Amino acid sequence: RSLVGSEMCKETAIRAYGRMELASLYSPELTDIAAYRKMKKWILLCPGLLQRLYDLGYQPNCRSFTPLEVRVIIDALGEP
């Protein structure tokens, strides 16, 4: 499943995603937890991304991303 070319990829249609749900879109071949760990590593390695998420109110223990956080992640990592 991909966001590319779908209604979800339009800025007005971005919705909140569970962290493992979003991670699974990026790495569908992995288990949910492995996909999340991989996405978390990408977030840490992408310059400025974690700080941008913190600026939006991101909390590492939160189990979901807000629509705005999802937009920032997609802008930084590309569409899954």
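Q: Which residues touch the most other members of the largest nonpolar core?
A: This core has 19 residues. A nonpolar core is a set of buried Ala, Val, Leu, Ile, Met, Phe, Trp, Tyr and Cys residues joined through side-chain atoms within 4.5 Å; buried means under 20% relative accessible area, exposed over 50%, and partly exposed in between, with a 1.4 Å probe and protein chains only. The members touching the most others are Leu 22, Met 39, Ile 43, Leu 53, Phe 65, Val 70 and Ile 73.

Q: Which elements give two or more residues to this core?
A: The model is predicted: local features need pLDDT of at least 70 and side-chain atom pairs count only at pLDDT 80 or more, whereas totals for chains, interfaces and linings use all residues. Residues are numbered from 1 along each chain as its sequence is written, and side-chain values use heavy atoms, leaving out hydrogens and water. Helices (H or I, at least four residues) and strands (E, at least two) are DSSP runs numbered from the N terminus. Two or more core residues come from each of helix H1 (19-26), helix H2 (32-45), helix H3 (49-55) and helix H4 (67-77).

Q: With which residues is Met 39 in contact, leaving aside its neighbours within four places in sequence?
A: Contact means heavy atoms within 4.5 Å. Under that sequence exclusion, the partners of Met 39 are Arg 19, Leu 22, Ala 23, Tyr 26, Phe 65 and Leu 77.

Q: What is the distance between Arg 19 and the nearest side chain of opposite charge?
A: Arg 19 is found in helix H1 and is buried, yet has no salt bridge. Leaving aside neighbours within four places in sequence, its contacts include Tyr 36, Met 39, Pro 60 and Phe 65. For charge, Lys and Arg count as positive and Asp and Glu as negative, with His and the chain ends not counted. The nearest side chain of opposite charge to Arg 19 is Asp 32, at 10 Å.

Q: What N to O distance is found in the salt bridge of Glu 21 and Arg 15?
A: A salt bridge is a side-chain nitrogen of Lys or Arg within 4 Å of a carboxyl oxygen of Asp or Glu, and the structure holds two. Glu 21 is partly exposed at 32% relative accessible area, and Arg 15 is also partly exposed, at 33%. Their side chains meet with an N to O distance of 2.7 Å.

Q: Where do Asp 75 and Arg 71 lie relative to each other in helix H4?
A: Asp 75 forms a salt bridge with Arg 71, with the closest N and O atoms 3.3 Å apart. Asp 75 is exposed at 57% relative accessibility, whereas Arg 71 is buried at 14%. Because the two are four residues apart in H4, their separation is about one helical turn.

Q: Against which elements do the buried residues of H4 pack?
A: In H4, the buried residues are Glu 69, Val 70, Arg 71, Val 72, Ile 73 and Ile 74. After H4 comes Gly 78, with a positive phi near 90°. The buried residues of H4 pack against E1, H1, H2, H3 and strand E2 (64-65).

Q: What separates the C-alpha atoms of Ala 16 and Thr 66?
A: Ala 16 is found in the segment before strand E1 (17-18) and is partly exposed, with a relative accessible area of 39%. Leaving aside neighbours within four places in sequence, Ala 16 is in contact with Phe 65, Thr 66 and Pro 67. Although Ala 16 and Thr 66 are 50 residues apart along the chain, their C-alpha atoms are separated by 4.6 Å.
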